[in-house]
Amino acid sequence: MNPIHAHEGWFVSHLFYRTNRTVWEALDSSQQTQQRETFQRVVKDFQRAENCQICCYAVWGLKADLGILLISPELQSLNNVEFDLSTALSPGVLEPVDSFVSLSETSEYMSQTQDYDRTLKEKEGLTPDSPEYREKMEAFQKRMQVYINERLYPKIPEHQVVCFYPMNKQRGDKENWYLLEFEKRKQYMAGHAITGRKFQQHVKQLVTGSIALDNWEWGVTLFADDPFYFKKLLYEMRYDEASARFAEFGDFYIGIHLEPGELLTRLRL
């Protein structure tokens, strides 16, 4: 079958499972050992493919037991590994709880060349023919290209804790994000970004788009070494007008990032 590549960005899946230890404990030790090895081999084989990434984590709390984040530039390989992971252990050992599918994307509200051009002209008094203007504009464009690449082609960071949640922008009778003028929406998101930048040393984020792909509009995945920073960041962001007036959130999943063998041990498998 022909490979499926997105016009822009990479494919992203979040999978959540509970474990049924009654089914697991009915297996003999040789079956358990073989299935543990199969699960770990599936993960390693997927990671060997170009730009394919996986993050396994033990979920904190009782919404699920484990979460798996998958990223791939090719949809067929991503879909295949979803089934390989779910069937690596005996039927009934992994019970699906939830899933979320999306695509990596850039933000339509990010700063554009014309925005920075206006800043250089109006706030710094520079003209396009000046060396200082050209130097600053070139540096800005390089920074933005790095930002675009990081959003479209993300790398999963090596942090210890993972937080995932889906979200929408309100479309109610009183508050409707999509009826606002673009410049107003951009203004709100600029304030939102300022809050986010306060935590950039402690929290890395992956925002993916799911409009027409899932029941929510975006998926947000946060990575840190201390869940305190998730709590602090989201608390402060809820006071931004973009969140306070327009944001709707789904279930939050928090987990501890583990290598596949460590994860199975943590799950008592």
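**Exercise 1. The chain as a whole**

Find what share of the 269 residues in the protein chain is buried, and then describe the chain's overall make-up.

*Solution.* Begin with burial, where buried means under 20% relative accessible area, exposed means over 50%, and partly exposed lies in between, with a 1.4 Å probe and protein chains only. By this rule, buried residues make up 46% of the 269 residues in the protein chain. This is a predicted model, in which local features need pLDDT of at least 70 and side-chain atom pairs count only at pLDDT 80 or more, while totals for chains, interfaces and linings use all residues. Residues are numbered from 1 along each chain as its sequence is written, and side-chain values use heavy atoms, with hydrogens and water left out.

Next, take the secondary structure, for which helices (H or I, at least four residues) and strands (E, at least two) are DSSP runs numbered from the N terminus. The protein chain has 9 helices and 9 strands, and its C-alpha trace spans about 75 × 40 × 35 Å along the principal axes.

Then turn to contacts, a contact being heavy atoms within 4.5 Å. Of the contacts in the protein chain between residues at least 6 apart in sequence, 77% join residues at least 24 apart.

**Exercise 2. Two helices side by side**

*Solution.* Two packed helices are described by the angle between their axes and the distance between the axes. On the α2 side, the contact is made by Phe-39, Val-42, Val-43 and Phe-46, and on the α3 side by Ser-77, Leu-78, Val-81, Asp-84 and Leu-85.

**Exercise 3. Buried positions in helices**

Identify the buried residues of helix α4 (residues 113-122), and then decide whether Thr-195 is buried or exposed.

*Solution.* In α4 the buried residues are Asp-115, Tyr-116, Asp-117 and Leu-120, and they pack against α5 (131-152) and α6. Thr-195 is itself part of helix α6 (residues 182-197), and because its relative accessibility is 9%, Thr-195 counts as buried. Beyond its neighbours within four places in sequence, Thr-195 is in contact with Leu-233, Glu-236, Met-237 and Asp-240.

**Exercise 4. Trp-218 and Glu-105**

Determine which residues Trp-218 is in contact with, and follow one of these partners, Glu-105, to its own contacts.

*Solution.* Trp-218 is found in strand β7, and at 18% relative accessibility it counts as buried. Leaving aside neighbours within four places in sequence, the contacts of Trp-218 include Phe-100, Glu-105, Tyr-165, Pro-166, Tyr-178 and Gly-209. Glu-105 lies in the loop between β4 (94-104) and α4, and with a relative accessible area of 25% it is partly exposed. With the neighbours within four places again set aside, Glu-105 is in contact with Arg-151, Leu-152, Val-207, Thr-208, Gly-209 and Trp-218. The C-alpha atoms of Glu-105 and Gly-209 are 6.3 Å apart in space, although these residues are 104 apart in sequence.

**Exercise 5. Separation along the chain and in space**

How many Å lie between the C-alpha atoms of Glu-25 and Leu-269, and how many between those of Tyr-235 and Gly-250?

*Solution.* Glu-25 is in helix α1 (residues 21-25) and is exposed, with a relative accessible area of 58%. Its C-alpha lies 8.5 Å from that of Leu-269, with 244 residues of separation in sequence. Tyr-235, in helix α7 (residues 228-237), is likewise exposed, at 52%. The C-alpha atoms of Tyr-235 and Gly-250 are separated by 16 Å, and the two residues are 15 apart along the chain.

**Exercise 6. Positive phi in loops**

State where Asn-51 is placed and whether Ala-212 is buried or exposed.

*Solution.* Asn-51 sits in the loop between α2 (29-48) and β2 (53-59); its phi is near 65°, a positive value in a residue other than glycine, and at 28% relative accessibility it counts as partly exposed. Ala-212, in the loop between β6 (204-209) and β7 (218-224), has a positive phi of about 75° although it is not a glycine, and with a relative accessible area of 78% it is exposed.
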